[in-house]
Amino acid sequence: MAGRWRDLGLAALGLLLLLLVPVFGAPPAIRDFIMFGMAYGLLAMSLNLLIGYTGLVSFGHAMFFAAGAYAFGLAMQSGKFSIPGAFVLAIGFTALMALIVGAICVRLNEIYFAFLTLAFQMLFYNIILGWVSFTGGDQGLMGGIPRPKFLGIDLADRTQLYIFCSVAFVVCIAILRQVVTSPFGYTLRMIRDNQERAAFLGINVIMVKLACFVISACIAGVGGILLTLFVSGAYPNFGFWTTSGEAIFMILLGGSNVFLGPLVGTVILRLLNDITVTYTSHTELVLGIVILVLVLGLRKGPLDLLAERWENRRQAKAQAVRDAADKDAQAGRDA
Amino acid sequence: MTSTESRRASRRQVLKGAGALAAAGVIGAPAISKAQTGAIKIGVPTILSGRVAILGQTSVGGLKVVFDKFNAAGGINGRKIEMVVRDSKGAPQEAAKVTRDLINNDKCEIILDAEASSAAFAVQEVIREIGVLCIHSNSETSSLTADPKLHVPTAFRTARQGIHDAIGGGDYAAKIAKAKGLKKWATCSPDYAYGRSNTAEFMEYAKHFDGNIQVVEESWPKLFQPDYTEVVTKLLNAKADAMYSALWGGDLVAFIDQANLYGLFDKQASFMVNLGDYGVVDQVKQFPQGVYSGGRYNRTVPATKENEEWYQNYVKTQKHKPTNWSWENAVAAEFVVEALKKTDGDTNGKKMAEAIKGMTLRSQFGTKGTVTMRAEDNTLIDYIIGYGVSLSKEPYVADFQASAWEPIIELEKQWKKKQGYIS
């Protein structure tokens, strides 16, 4: 319980720090960077719930990112919904889609699961491309996303949009944290480590995986909504396999064993992209080299490495204390 | 002990300071350093990497030719133009972010959007919010400026429009079809919005001008498809009298190379809107003769001294040949320069837009030696549209026939009514 309050306190602190950015008059470019990072950060963090905590490597996670984006965008363009209404509708649609896709996919493991999620993603992507009259095809949702005021909040104002995105982001991260530190989260780890043992202990592995799949999809959907609000549109490549690949890169870059690892990976990838794009058009080459160096050099994400070193140091200290105690005891016996 | 603590605190402060400086350096510092040069900064989001990098390369070439001349003449009020070019990789969300960064971070006062279509729509939304002057120089999708719901007062287009090409091309195709009895038609265009809408519009107007035309086969190869054997076989089996294709760039090159192996172009009349561009001409192993080619950019169209000089100057300064995107961007740059002269260097979006709206420019790319930015929908008219017949060597296109603009504008009005864009 103490851990839960600590996590909620840290979430509140994180939100406060994010809200201080506009207070201190940060340039719009920094706010844009953070908003963009929050959208992709939710995609990567939610994917890590599947990859890092459950051992389900999904190649199709971006379909839920796109589902949230399109459902929200279309609802807003219809003019029949307020922003909170469209938000709830988009998450509901994403959850329903994840329930259907997940019910089929989570029965499989490893490469079969990965490729089936990829297949569903490409199916969804092609529906977006093909259903031109509804989705705008490969031109995406054109004409902007209307942002009518609600509860006195005006998301057409960039600062208010930033605050809205920050709150949504921190709430999602807090939910993910609660999930991974709950008994449900430990069940996910047990399934990751040995799903037969989990089944023998009476856990309904399929249902737990399905619940994880749906929660993860909903968080990715919120990421899609934030990006839709940021760019004022939704585009098919939100749901293309390369976007799923980017999320996997983010997890690789940041680390999958530490809770905030994928978020660190998102920041690294976005920073690398923004820096390289300023100075060269060979962005992919630079990204490729950095990823190679990290993968071959560190063999894990920077946060994983730090956590591992911290743990080694802690254990070494504990061992030193034990050794000193043993030595004292031995000296006492000798005396 | 006290001194150790103070040293620790100081080290932390230094680390924090260094972190803050690094963050500012990465995200904010370019704006500070570059904003003090006094130049008029023009942001250019475009595609500089991947299979269509030629789009960005030749677009920037077209802009540079005009801006270099402007700068060499001293600029305006001592201010020269500085281009800030960024690669969006063609992804709409990246294009939106890059455009915002160009304005907010790099302090660009004008945006010349050299993006392909879907990213151009994303840029349009950024402009709607920020309100700087923007000229879309590559997106041919008609709705960008034709649909009043998408209208942004400070956004214009100098790229050719799909509907204009379709009407001009349909008229030309119908005349050839009547003369040669080409009744059965096949189509072969890329399977995405541009390919489908361009082909539908071309065939609609071909049928409008010649009621005997009927489409007997449709082929939709995927974008960036490497192998066209199946498509070519399908076209041969259709035994059509003529074929229309909106394939472009590397896809068109691959298709022609593979179709040549089957002698496709000897067995039917072929109409290809994107054939006669140097980006294609220089890449095809055996450039087909006798294919009806849409006018993109060619040094002989129009066959004037100005055009030849422009071509020579472009090749000399940019070290590559210009493409259709080059002239579209050159015209965009000329509009910016003329508007700056009218506003006396004031880059305010509204003032620049007022200056450009309805502006007519002397230009070798215009049918009457001028091009006009039509005030009613902020789009370019009177540019050269037409078809010629391909030659296997220089100048690659002969017998070019420019389309008349009066019927294009009349039929465009009817098309807009049909789409519900005007009443």
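Two residues are in contact if their C-beta atoms, placed from the backbone, lie within 7 Å. By that criterion, 28 residues of chain A are in contact with 30 residues of chain B. The model is predicted: local features need pLDDT of at least 70 and side-chain atom pairs count only at pLDDT 80 or more, whereas totals for chains, interfaces and linings use all residues. Residues are numbered from 1 along each chain as its sequence is written, while chains are lettered from A and ligands numbered from 1 in the order in which they are written.

**Interface and domains**

- The elements giving two or more residues to the side of chain A that touches chain B are α2 (28-54), α10 (205-231), α12 (261-279) and α13 (283-298) of chain A; helices (H or I, at least four residues) and strands (E, at least two) are DSSP runs, numbered from the N terminus.
- The largest share of that side, 6 residues, comes from α2(A).
- By class, the side of chain A that touches chain B has 14 nonpolar, 11 polar and 3 charged residues; Ala, Val, Leu, Ile, Met, Phe, Trp, Tyr, Cys and Pro count as nonpolar, Asp, Glu, Lys and Arg as charged, and the others, Gly among them, as polar.
- Chain A is divided into domain 1 (2-240) and domain 2 (304-335), with bounds that come from an automatic or database domain assignment.
- The C-alpha centres of domain 1 and domain 2 of chain A lie 44 Å apart.

**Helix pair in chain A**

- Helix α11 (residues 241-254) of chain A packs against α13(A) at an angle of about 45 degrees, and their axes are 10 Å apart; axes are lines fitted to C-alpha atoms, for helices over the stretch in contact, and angles run from 0 to 180 degrees between N-to-C directions.
- That angle makes α11(A) oblique to α13(A); angles under 35 degrees count as roughly parallel, over 145 as roughly antiparallel, 65 to 115 as roughly perpendicular and the rest as oblique.
- The crossing in which α11(A) passes α13(A) is left-handed, that is, the near helix is turned anticlockwise from the far one by less than a right angle, and clockwise in a right-handed crossing.
- Phe249(A), Leu252(A) and Leu253(A) of α11(A) meet Ile291(A), Leu294(A) and Val295(A) of α13(A).
- This contact of α11(A) with α13(A) has 6 nonpolar, no polar and no charged residues.

**Sheet in chain B**

- An open sheet of 7 strands has the order β7-β6-β8-β9-β10-β14-β15 (chain B), with mixed pairing; two strands pair if DSSP finds at least two bridges between them.
- The edge strands, each pairing on one side only, are β7 (214-219) and β15 (397-402) of chain B.
- Strands β8(B) and β9(B) run parallel and are joined by 4 bridges, with Ala242(B) opposite Ala269(B) in β9(B).
- Strands β9(B) and β10(B) also run parallel, joined by 2 bridges.
- Strands β10 (residues 292-294) and β14 (residues 386-390) of chain B pair in the antiparallel sense over 3 bridges, and Val389(B) in β14(B) is the bridge partner of Tyr292(B).

**Helices of chain B**

- Helix α6 (residues 162-180) of chain B lies across β8 (242-245), β9 (269-272), β10, β14 and β15 of chain B, running at about 50 degrees to β14(B).
- The axes of α6(B) and helix α7 (residues 193-209) of chain B come within 7 Å and cross at roughly 45 degrees; α6(B) and α7(B) are therefore oblique to each other.
- In this pair, α6(B) passes α7(B) in a right-handed crossing.
- By class, the contact of α6(B) with α7(B) has 10 nonpolar, 6 polar and 2 charged residues.
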